[in-house]
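These are my notes from a reading of one structure. I looked up an annotated residue and then a strand with its partners.

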Amino acid sequence: MDNQKAMDQLTLDEAKSEIGPLRDQLTKWGREYYEQDNPSVEDYVYDRQYQRLVQIERRFPELITPGSPTQRVGGQTATQLQKVRHDIPMLSMGDVFSVDELDDFNERQQDLLPEHKQLEYNLELKIDGLSLSLVYENGRLVQGSTRGNGTIGEDVTANVMTIKDVPHKLKEPLSIEFRGECYMPKDAFVKLNQQREADGQPIFANPRNAAAGSLRQLNPAVTKQRQLATFMYYIPEYQKLGLKTQAEALDKMRDLGFNVNPSNRVISNKADLAQYIEEYTEKRDQLPYGIDGIVEKVNDLDTQIWLGNTVKVPRWEIAYKFPPEEQATVMHDIEWTVGRTGNVTPTAVMDPVKLAGTTVSRASLHNPDYLQAKDIRLGDTVMLHKAGDIIPEISRVIIAKRPADSEPYKIPTHCPVCGSELVHLDGEVALRCVNPMCPAQIKEGLAHFASRNAMDIGGLGPKIIQQLWDKKLVRDFADLYRLNEDQLLTLDKFGPKSADNLLTAIDNSRHNSVERLLFGLGIRHVGAKVARLIAEHFGSLDAIMAANEDEIAAVATVGPTIGQSVATYFDNSQVKSLIDELKAVGVNMDYLGSSTNNASENSEWNGRRVVLTGKLAQMTRSKAQEWLENHGATVTGSVSKQTDLLIAGEKAGSKLQKAQTLGVPVWNEERFRRAMKEEQ
């Protein structure tokens, strides 16, 4: 499709020959995007071919068919979820790709109206997510659904209930529908893909597809872990609320308790429109969420109704799509690195190029399947972009510039660090080194073992671990507890005080409750919360090691995947030897926390939502969180109207300011410690 004929030279017969394969390709890409949440091409590639189809059908309207992608909204609904019929169709939105096209669109709109009426527009950011409908009855959320094909969507009510910024109850007892966008913040997207890569799962191509895959889960617990968020922007039956403009509708939704993007702006001339586009073209990389354009809406709501819709899109709104930012560069090498779980990841090393405000010379190739699917070879000229404006990624190879002596890249068969044979575990796309004594895995594992949510050994970071490793002072977790002052004083920039502080932190970690050790061991699929559930259920590491996978899987919310992972880990003879070593150096093996199921109903903490911020002087934040959760509280990472209490240490920042703005009670550390004593 790269050598398409100019539209004004295209004959009817040529159009007939081109349009079939073009529709088939767009249908395939659309199915990957809307239904499988796994696109094989970038958005701009789809948009370019879609516009080609639009132009052909505009030039030869006799070729339009009801099944054409230009006549369909979104994709088909997944069969696993219950169906929802939208009383008012959820339409797609038209696109333009230049300011000139946007001006032409506006002129066509103006021509449809009486001469005396001058249009005013509300500009909003085009959030890179998926459309969401929320229905309330008497002020209570009763249904959440996706757009689907515009008429039939999917019921995702249970999943929507887990999204923190979606109000379950409005500030007014309204029975009405609201629409908006569900998205995944950039930080959450990066963390999710890092975790999926470590677990050997395929990564999400961009935040939009990550959000779609997360919202359409059959298990709401998975959705909750994905940290989704929303921006609401549309009220189909605005008349019920006496609203006159789109700007008023946004203010009303904000007043009702919805999360509404604050960047909207009302404009009435070309200069202001161009300025807004320029402003957010520059700002987009700094935003904590992805945007792929600007949405322009006629501000007057009655005029929106008057302008109406086509079969697929409203005539009163249009999306200006940002042009793709890509750079060509040359591949020189592929480096393979070994992670904590043995995942061996390829990274492309290229000529440095400027991309989205930063200089980029490296890009993850994720896994062998990804590398081979794109047929990336050494010496190739490749196009580089940032997936979701975040992660450098190779979009395609420029085959025309491939060297004549190019050969397919050979995937390594042995670990680049320890030389062990690499394997594909069942159901994984990752290539793994399964040698538990691989030096690369041990070093990564030591950093995880010492981390705040694991053994919480303050001051033991990656640089110190590297020095300990290089000096052969540490080769496994147990070796940390054999360190002495003389050994630490041989490290760079280590004096008696820093050595004493580190030894104290290591010694204190011996007395942690066993769930911290269980998490710190780095067992695949075992996070901090799962480790706590397992430790609480079995009571000791010996009991966990003696349990079979079915017994572990039977623990509430754990399941067979984690059960198998834990049982397999402890069945390894080298792991058993490591545990014996940890026992020998005095590391606690018992669960010391109180049962979360037995949190006193009379406790003031039971069921409360608490946020910790700032530096605590007399305890670590992880210890504070552990105490709160032991007493029935839920500790969250962000302040909202649902937060019951903020505990603020030194240098508390934006969370403290937000809590004060929302009227959330704030305690200092001393007040919190008094409450802890009162609870004893």
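Entry 1. I first set down a term: a crossover counts as right-handed if, with the strands pointing away from the viewer, the path from the first strand over the helix to the second runs clockwise. I also noted that the model is a predicted one.

Entry 2. I applied the term to strand β19 (residues 609-613). Together with helix α22 (residues 621-630) and β20, β19 forms a right-handed β-α-β unit.

Entry 3. With which strands does β19 pair in the parallel sense? I found strand β20 (residues 634-636), joined to β19 in parallel over three bridges. Within this pairing, Val611 lies opposite Thr636 of β20. I also found strand β21 (residues 645-648), which pairs with β19 in the parallel sense over four bridges. Here Leu612 is set opposite Ile647 of β21.

Entry 4. I turned to the annotation. UniProt, in an unreviewed entry, lists Lys126 under "active site". I located Lys126 in strand β3 (residues 121-127).

Entry 5. Is Lys126 buried or exposed? Its relative accessibility is 17%. Buried means under 20%, so Lys126 counts as buried.

Entry 6. I then looked up what Lys126 touches, leaving aside residues up to four places away in sequence. Its contacts include Gly290, Ile291, Asp292, Gly293, Ile294 and Val295. Met93, Ala319 and Lys321 are also among the residues that Lys126 touches.

Key: Residues are numbered from 1 along each chain as its sequence is written. This is a predicted model: local features need pLDDT of at least 70, side-chain atom pairs count only at pLDDT 80 or more; totals for chains, interfaces and linings use all residues. Side-chain values use heavy atoms; hydrogens and water are left out. UniProt positions are given in the numbering used here, feature names are shortened, and annotations may be inferred rather than shown by experiment. Helices (H or I, at least four residues) and strands (E, at least two) are DSSP runs, numbered from the N terminus. Buried means under 20% relative accessible area, exposed over 50%, partly exposed in between (1.4 Å probe, protein chains only). Contact means heavy atoms within 4.5 Å. Two strands pair if DSSP finds at least two bridges between them.
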